[in-house]
Amino acid sequence: MARVFSGIQPSGVLTIGNYLGALRHFAIKQETEETVYCIVDLHALTLPKDPDALRLQIRTLAATYLAVGIDPLKSILFVQSHVPEHAELAWLLQCMSYMGEVSRMTQFKEKAEGKESVPVGLFTYPVLQAADILLYDTNIVPVGEDQKQHIELCRDIAMRFNQRFGNVFVIPEHQIPKLGAKIMSLEDPNKKMSKSNPNPASYISLMDEPSVVKKKIIRAVTDTGCEIKDDPEHKPGVANLLTINALCSNRTIAELEALFAGKGYGDLKKDTAEVVVATLSPIQDRVKDILETTELEEALTVGAERARVIASQTLTRVKKVMGLL
Ligand code: TYM
């Protein structure tokens, strides 16, 4: 059995991009692999957060993991800050990482752009991410396209460490879905759909009401012409809606192209809104129910205990080979 690890930041709402690119694959993986899933709250602190809002976002993200089918008996589900080994390994790895390689991270460049003061944590963020992954002897990291560079950096750091100190870390590999690896903004289909976009019309939140989902999809930017065809280069808006539709309705893109042959963008949008609402409604109902129970806290307490058993063993190994007493 392979060990699978992935994490999501509790920073604002989750978008349908997070769901289609990552989260929906997590529940499938737990049936066949040893799965460890994390709410990476320390990563969320790299940009200013209101404490009460953050607390609520951590709980809502945990509830969302459960609502999409993560079973705390099958997967280890935990909050990053409950396992102090993450921050400790991150420091040790920072001493093995170079300014040059970390400076090349495109996500850092994007997030730091235009800011007068950039928190150091935003810069070292990918090293903490490497610690998350390496603590669990991870083989596979299921993520969306935007995380590929971070996983590659994690591999580089782990290989460098192993070269210097012996075979301490398992070298992980990213797993990026063929369809849905990069769901695009509804406002500008040449940009990634992102929860940090200040314009909520650009993304579908997992918690958006059906009427809001419909309105956003109907207003989504499409392309000139009228043919419904999967052509991301020339028709990125239409291709994005086809991808979202296919993943929510379990139909292939080719089936959708055939279905909408001779029809207009309005038909595609109406159908896409329907399948998105049908996908999100049951998740939203479960999130609301779970938030009212104590099921959540119990699952996270057990999850952190199980995670610590693995994480503390790895950290002990690392400290020993590095020469700490
Ligand atoms: P985060 O919280 O930004 O996103 C969580 C997951 O959602 C994927 N994703 C998308 N997939 C498709 N289309 C999109 N528009 C889209 N937007 C986001 C992301 O690729 C990710 O898989 N640094 C990570 C969190 C993290 C992590 C880790 C991930 C911390 N430690 C260890 C894996 C392993 C992040 O900010 O993801």
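Reader: So, which residues are closest to the ligand?
Author: In this predicted model, the closest are Tyr-125, Gln-129, Asp-132, Asp-146 and Ile-183. They belong to a shell of 27 residues that surround the ligand.

Reader: How does that shell split by class?
Author: The shell has eleven nonpolar and eleven polar residues, plus five charged ones.

Reader: Nice. How much of the ligand's accessible area does the protein cover?
Author: The protein covers 97% of the 700 Å² that the ligand has on its own.

Reader: Which elements give two or more residues to the shell?
Author: Those are strand E1 (3–8), helix H1 (16–29) and helix H7 (120–134).

Reader: Switching topic: how many cavities of 30 Å³ or more are there?
Author: The structure holds one. The largest cavity has a volume of about 60 Å³.

Reader: What lines the largest cavity?
Author: Its lining is Met-105, Gln-107, Phe-108, Lys-111, Leu-122, Tyr-125, Pro-126 and His-150. Helix H6 (106–112) and H7 are the elements that give two or more residues to that lining.

Reader: And the lining by class?
Author: Five of the lining residues are nonpolar, two are polar and one is charged.

Conventions
Residues are numbered from 1 along each chain as its sequence is written. This is a predicted model: local features need pLDDT of at least 70, side-chain atom pairs count only at pLDDT 80 or more; totals for chains, interfaces and linings use all residues. Side-chain values use heavy atoms; hydrogens and water are left out. A residue is near a molecule or strand if one of its heavy atoms lies within 4 Å of it. Accessible areas come from the Shrake-Rupley method with a 1.4 Å probe; for residues, only the protein chains shown count as cover. Helices (H or I, at least four residues) and strands (E, at least two) are DSSP runs, numbered from the N terminus. Ala, Val, Leu, Ile, Met, Phe, Trp, Tyr, Cys and Pro count as nonpolar, Asp, Glu, Lys and Arg as charged, and the others, Gly among them, as polar. On a 1 Å grid over the protein atoms alone, a cavity is a set of points where a 1.4 Å probe fits but cannot get out, and a pocket is an open set with protein on both sides within 12 Å along at least five of seven lines; lining residues have an atom within 4 Å of a point. Grid points are joined across faces, edges and corners, and a volume is the space filled by probe spheres set on the points.
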